[in-house]
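Here is a quick briefing for anyone opening this structure for the first time. Have a look at it, then read on.

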Amino acid sequence: MKVRRAALWLLAPIAAIAFSLLVSSIALLLIHQNPFTAFGNMVKYGTQGNQIISIINRAAPLFLSAVAVAIGFKMNLFNIGVEGQYYLAALLAASVGAAVHLPPVLHVTLILVTAMTVGAVWAGIAGVLKVTRGVSEVISTIMLNFIATGIGSYLLLNYLKRPTAASDLATRTREIPKSGLFPSLDKLLGITNPNEPLSGFLLVAIAVGIAYYVVVWRTRFGFNLRATGLNAQAARVSGVNPGAMVIQTMLISGAVAGLVGMLYLLSFFHAYTLDFPTGLGFSGIAIALVGRNNPVGIAAASLLFAFLEVSAQILDLNGIPKEVIQIMQGVIILSVVVAYELVRRLVEAQDVRAAAQRTREPAAPLEGVAA
Amino acid sequence: MPEVAAVELQGITKRFPGVVANDDVNIEVAPGEVHAIVGENGAGKSTLMKILYGMLRPDSGTIRVRGEEVHFRSPKDAIAAGVGMVHQHFMLAENLTVLENIILGSEPTHGPMIAFGDARDRVKELSATYGMPLDPDRLVEDLSVGERQRAEIIKVLYRGARILILDEPTAVLVPQEVRELFGNLRDLKREGVTVIYISHKLDEVLEIADSITVIRAGRTVATVNPGDVTTGQLAELMVGSELPRPETRESTVTDTVELTVEGLGVKAADGRWLLRDVSFTVHRGEILGIAGVEGNGQAQLLEALIGVTPIAAGTIKLGREDITTWSTEARRDAGIGYIPEDRHEEGLLLAAPLWENAMLGHQAQAPFAKGAWIDRKGAKRQTEAIVSQYRVATPGIRAAAYALSGGNQQKLIVGREMIAEPKVLLAAQPTRGIDVGAQASVWDAIRRARAAGLALLLISADLEELIGLSDTLWVIFGGRLVAKVDASKVTPEELGLYMTGAKQREAAS
């Protein structure tokens, strides 16, 4: 029963992926490309060692972003502002990290704590606005994204910019010293001569994923969070304080969002630069949706999206526009939502039927009548 | 009468999981009459009207409109057949004008444009014909409640309805507005419109109706002429005496006061008092019943006691402790249990497994929690205990709550509150909409807890339940406790008079 149920839920994303392959095949056929060649090349290229490392490096930030979104989703709170939260966090953490000299572990810790604090504060603003003034967090977090961009640019250009010679046009923060960087896992795993190192930040992402599961499914706080998401009014009369929950959840979500840019910062960029990756916050929303807010589901969805992005690089070399993977991602997101809803209805109908059959009560009235 | 009935319902039956909402209902409504349908809350009136208006489909039975058998699939079909409904809660867009609201969904057009001129003329004509003055260009948000209702009625007439269903139309009106409405209804009748009038306010029904059908527990009990019955006889018909009696035997009331409420008041956002100057005490082993027509402040009383609505005046004490400013969680932990009026809205996490539902409201306490952690083993053991002690029929404690029938969902809620052995239990409609067997076992649980020293505040629309279980019985009307009656002597009929305010008026005049 349990196995069948799990298989049913797995069927939904598989069907969505199959459907997206179909749609993107049609798109490829329309531009006179052979879909089999295209997808075949992608799989061949994407499963090579170097590309797998690249996929994992890309998946970890996506995973963190999706977890940040999913925490809110579990109580029907929509943090659309992960984008602005991780941007500000990366900028300020990079600046703090470059400004101090500390022993290695402490230095990294300080940078991460800074990033989490900045993310939490920025998300917390939306939480406070919702509780005190009833502002929808959807609107406020979106607007805070724009404000974050504005404030960030102002701070970067006026205060945080690395002093440069007139000939150097790159606007960036100062370099974080070596003690503040994250080591790679290459030596540990015996990887030799990779194109790019496998970032040790992967371990942080895994730890966050485990913490997410433990907090949401095993603690009282998590129970209150899920209860509020399932039935806010019932949670309220059960003793959950809705205002406090909103603020706490936004703070946690923002803190996780603060970590999103850290892999890039501490393993690759070593400073905040103008070509720092953007859009991870929005991808996180899609991945949380595809992964159904489940830690394992989110991990799988992050790897899938990272795989598509990395393996699509081969398409350009074959003269096929790699934008086809954006079609795929879009179709997956849309169709998986439909598929999950269909499965949910199916499961619900099955449950009701099963319960009715297995509990058929005798027609005689209950003994309570006589008591 | 040689005339064909405007509406004829024959053998209408509608089942929901665990409940038979309508059981072989037969009603014949003559054209041009005001036909009242009365019954207690949960008797099946609303289900019946939803069937007639095409919102639900009956499991069996036939509906005839003007002699022709109809099968409504949606309200659209009902409207096409000339049947319209005015809901208890108005369905108007506040930021649109009366005219815009009326034509919404059936806009007359000139090519791509809305023909506002034609529509305005038609609305004016309707309001003149039926004597319902209403300016089509005012914004709905500026209208009084009575005017909004008029807009709703004209909206239905505009769509060509000749048979009007009014669901509890006076529930939201002040007495003067009720007078006006009755005037309008007489005008409608004069113009040949048939009105089906759903209510449980017996004095009003006797005043306006040409015939009255009484529904009890989903069945039509009788159709009577208003001239032939008294309010008392109607109340008796409504309540009946076929159901198992929820009687308690010898008193278990002690001297220890568990809950003290003094001068409690709750205000609406607009400053009106929804609950005013409510004072009572509940002792250990006592069941204090509160009778009243829905919407007279019961909901606010419960919300104030459980701590989810701000109170404007008064104090609440649990034992000797003043808990007026305590959070809901603190009240729960201090031993206040809560059985909400609507189990789906406030009582359950439908998509969550039973064992998580059993935690709800007790998630901070053993055996459900250990510090900040959920004690999954303890929670599951406790849920097993609830399921077996309270005979919750379920495939297991991992089953989702939605899979259970209404009666079993209710038994789970009652069980989870009772097993925690609260000092005070706030119970609203503990047996609403559940079958007779489940009802009896809930009553049984209440009696046992009372004997063990529980202080219970019981709010119910089931007068028999109230009279049978209560040690002390208060009547709430217009947000105030208006009468304390002797539960061992009072009849449903007498109680009905207090609840509708009739008895008060008698005393005043």
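What follows is a short tour, grouped by topic.

This is a predicted model, in which local features need pLDDT of at least 70, side-chain atom pairs count only at pLDDT 80 or more, and totals for chains, interfaces and linings use all residues. Residues are numbered from 1 along each chain as its sequence is written, while chains are lettered from A and ligands numbered from 1 in the order in which they are written.

**Confidence**

- The predictor gives the complex an ipTM of 0.87 and a pTM of 0.78.
- Chain B has an average pLDDT of 87, with 94% of the residues at 70 or above; pLDDT is the predictor's confidence in each residue, from 0 to 100.
- Watch out for residues 505–509 of chain B, where pLDDT stays under 50 and the model has 0 contacts beyond four places in sequence. Two residues are in contact if their C-beta atoms, placed from the backbone, lie within 7 Å.
- Where pLDDT is low, the predicted coordinates should not be read in detail.

**Chain A at a glance**

- Chain A has 16 helices and 0 strands. Both are DSSP runs numbered from the N terminus: helices are H or I with at least four residues, and strands are E with at least two.
- Along the principal axes, the C-alpha atoms of chain A fill a box of roughly 95 × 55 × 40 Å.
- Of the 371 residues in chain A, 46% are buried. Buried takes 20 or more other C-beta atoms within 10 Å of a residue's own, exposed takes 12 or fewer, and partly exposed is in between, with C-beta atoms placed from the backbone.
- Among contacts in chain A with a separation of 6 or more, 75% link residues 24 or more positions apart.

**A helix crossing in chain A**

- Helix 9 (residues 220–230) and helix 11 (residues 242–258) of chain A have axes that come within 11 Å and cross at roughly 110 degrees. Axes are lines fitted to C-alpha atoms, for helices over the stretch in contact, and angles run from 0 to 180 degrees between N-to-C directions.
- Helix 9 and helix 11 of chain A are therefore roughly perpendicular, a label for angles of 65 to 115 degrees.
- On one side sit A:Asn224, A:Leu225 and A:Thr228 of helix 9, and they meet A:Pro242, A:Met245 and A:Thr249 of helix 11.

**A covered strand in chain B**

- In strand 3 (residues 34–38) of chain B, 5 of 5 residues are buried.
- B:Val34, B:Ala36 and B:Val38 point one way from strand 3, and B:His35 and B:Ile37 point the other way.
- Strand 3 pairs in the parallel sense with strand 10 (residues 194–199) of chain B over 5 bridges; pairing needs at least two DSSP bridges between the strands. Here B:Ile37 has B:Ile198 as its bridge partner.
- Strand 3 also runs parallel to strand 11 (residues 211–216) of chain B, joined by 4 bridges, and B:His35 stands opposite B:Ser211.

**Where the chains touch**

- The contact takes 39 residues from chain B and 29 residues from chain A.
- Helix 15 of chain B gives the most to chain B's side, with 5 residues.

- The peptide bond from B:Ala366 to B:Pro367 is cis, with omega near 0 degrees.
- A:Arg292 isn't a glycine, yet has a positive phi of about 50 degrees; A:Arg292 lies in the loop between helix 13 (280–290) and helix 14 (295–311) of chain A.
- B:Arg66 also has a positive phi, near 50 degrees, and lies in the loop between strand 4 (60–65) and strand 5 (68–70) of chain B.

Conventions. Angles under 35 degrees count as roughly parallel, over 145 as roughly antiparallel, 65 to 115 as roughly perpendicular and the rest as oblique.
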